[in-house]
Amino acid sequence: MARAPRASEPPLPNRERPGEPQPYEATNDELLQFYKEMLLIRRFEEKAGQLYGLGLIGGFCHLYIGQEAVAVGLQSALDGEKDSVITGYRDHGHMLAYGIDPQVIMAELTGRAAGISRGKGGSMHMFSTEHKFYGGHGIVGAQVSLGAGLAFKHKYSGDGGVCMAYFGDGAANQGQVYEAFNMAELWKLPIIFVIENNQYAMGTSVNRASSEDQLYRRGESFRIPGIQVDGMDVLACRGAAETALEWVRAGKGPVILEMKTYRYRGHSMSDPAKYRSREEVQAVRDKSDPIEHVKRLLEERGVKEDELKSLEQAIRKQVNAAADFAEQTPEPEPAELYTDVLVERY
Ligand SMILES: Cc1ncc(C[n+]2csc(CCOP(=O)(O)OP(=O)(O)O)c2C)c(N)n1
Ligand SMILES: [Mg+2]
């Protein structure tokens, strides 16, 4: 006969956990580099919003404005030669944070042959195997299982790489995420699960949709440690990445990073934003803008306003050049309709 269930099982033995992350101690050059990358993402996304408004970008377009510190801080810690990245449809910022040329990203948005996915992927389906950037995925949560596959490959081939798999607070409620968690911990896969908690999944706030809204705890029943991080502070993001990478690279299995962040714009370009007030958005912008934060740090360290101004001008120029290129470069040839399409059984 099965034993009668006990009211509570004995507590699990104390398990080792990653250490407490510390804010990253950036040199002046590194801080300036973070500032540049974040500002490039902001200006790029603003321009993409304009081009969308002009009808030059078709289909979906999800902007990353407000969340810049997450991709920049985390990816700055990765080894571009070995590690892989995968994310959802809000992917322009992750591409830019990897140093991919803004021109080919903008040209992808406008559906041109010079785009990074030859103009056939658009905003949601950016891809670059050269940079070990595996998309760009429109199905909410799908990239998490694919990320577990990438991590399995890293482990199986012994290439020393780690996969960073990003997903949103809404995606954190998808079933396949938990199948991926289970396998990743069971097989001690080298993967960092990054939950970009920007507080909303389309028009639904995280508190309305999640019974456990402290998302860093979502791995508990799989024995995956979780860390909550200020995703508006690039140094906190980088510090958390260091801690997570140390754990994962030591073969101890996955880690969850919950990045507390905020998106300033609508879910996509066609979001009437009726589910939150303007005041709510403005309050975040005023108090915790990730770019203003770094700007203040730079000023405190004695970087001159003139230097920051000329940097800002250079970024505007770079973004304008990317937009001009994306408008002028040709569309794919009609014959491209028949390339990159599976026509055989595999
Ligand atoms: C499987 C699936 N269900 C629903 C959708 C429609 N959908 C697109 S985005 C989205 C919200 C996801 O929100 P979140 O994971 O928080 O990411 P964010 O947009 O905030 O970056 C939904 C429900 C989808 N694309 N795929
Ligand atoms: Mg979200």
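The model is predicted, so local features are reported at pLDDT of at least 70 and side-chain atom pairs at pLDDT 80 or more, while totals for chains, interfaces and linings use all residues. Residues are numbered from 1 along each chain as its sequence is written, and chains are lettered from A and ligands numbered from 1 in the order in which they are written. Helices (H or I, at least four residues) and strands (E, at least two) are DSSP runs, numbered from the N terminus. A residue is called buried if 20 or more other C-beta atoms lie within 10 Å of its own, exposed if 12 or fewer do, and partly exposed in between, with C-beta atoms placed from the backbone.

**Annotated regions**

- An unreviewed UniProt entry lists residues 37-334 as "domain: Dehydrogenase E1 component". UniProt positions follow the numbering used here, feature names are shortened, and annotations may be inferred rather than shown by experiment.
- Over residues 37-334 the chain is 45% helix and 10% strand, and the end C-alpha atoms lie 36 Å apart.
- The record, again an unreviewed entry, gives residues 294-328 as "coiled-coil region". In the model this stretch is 89% helix and 0% strand, with 35 Å between its end C-alpha atoms.

**Helix α6**

- Helix α6 covers residues 175-186, and its twelve residues should span 16 Å at 1.5 Å a residue; the end C-alpha atoms are 17 Å apart, which agrees. The expected span is 1.5 Å times one less than the number of residues.
- Val177, Ala180, Phe181 and Ala184 of α6 are buried. These residues lie on the same side of α6 because they cover an arc of only 105° around the axis, the arc being that of the directions from the helix axis to the C-beta atoms.
- Gly175 and Leu186 are exposed on the other side of α6.
- The cover over the buried residues of α6 includes α5 (142-157), β2 (163-168) and β3 (191-197).
- Lysine 188 follows α6 and has a positive phi, near 50°.

**Helix α8**

- The 16 residues of helix α8 (residues 234-249) should span 22 Å at 1.5 Å a residue, and the end C-alpha atoms are 22 Å apart, which agrees.
- Helix α8 is mostly covered, since 13 of its 16 residues are buried.

**Individual residues and their contacts**

- Arginine 42 is found in helix α1 (residues 28-53). Arginine 42 is buried because 23 other C-beta atoms lie within 10 Å.
- Beyond its neighbours within four places in sequence, arginine 42 is in contact with Ile65, Glu68 and Ile291; contact requires the C-beta atoms, placed from the backbone, to lie within 7 Å.
- Arginine 42 and isoleucine 315 are 273 residues apart along the chain, and their C-alpha atoms are separated by 10.0 Å.
- Serine 205, in strand β5 (residues 204-205), is partly exposed because it has 14 C-beta neighbours inside 10 Å. Leaving aside neighbours within four places in sequence, serine 205 is in contact with Gln199 and Tyr200.
- Alanine 209 belongs to helix α7 (residues 206-209) and is partly exposed, with 15 other C-beta atoms within 10 Å. Apart from neighbours within four places in sequence, alanine 209 contacts Gly170, Asn173, Ala201 and Thr204.

**Positive phi in loops**

- Most residues other than glycine have a negative phi.
- Lysine 132 is not a glycine, yet has a positive phi of about 55°. Lysine 132 is found in the loop between α4 (102-109) and α5 and is buried, with 20 other C-beta atoms within 10 Å.
- Alanine 273 also has a positive phi, near 55°. Alanine 273 is placed in the loop between β7 (255-260) and α9 (278-288) and is partly exposed, with 13 other C-beta atoms within 10 Å.

Notes
Contact = placed C-beta atoms within 7 Å.
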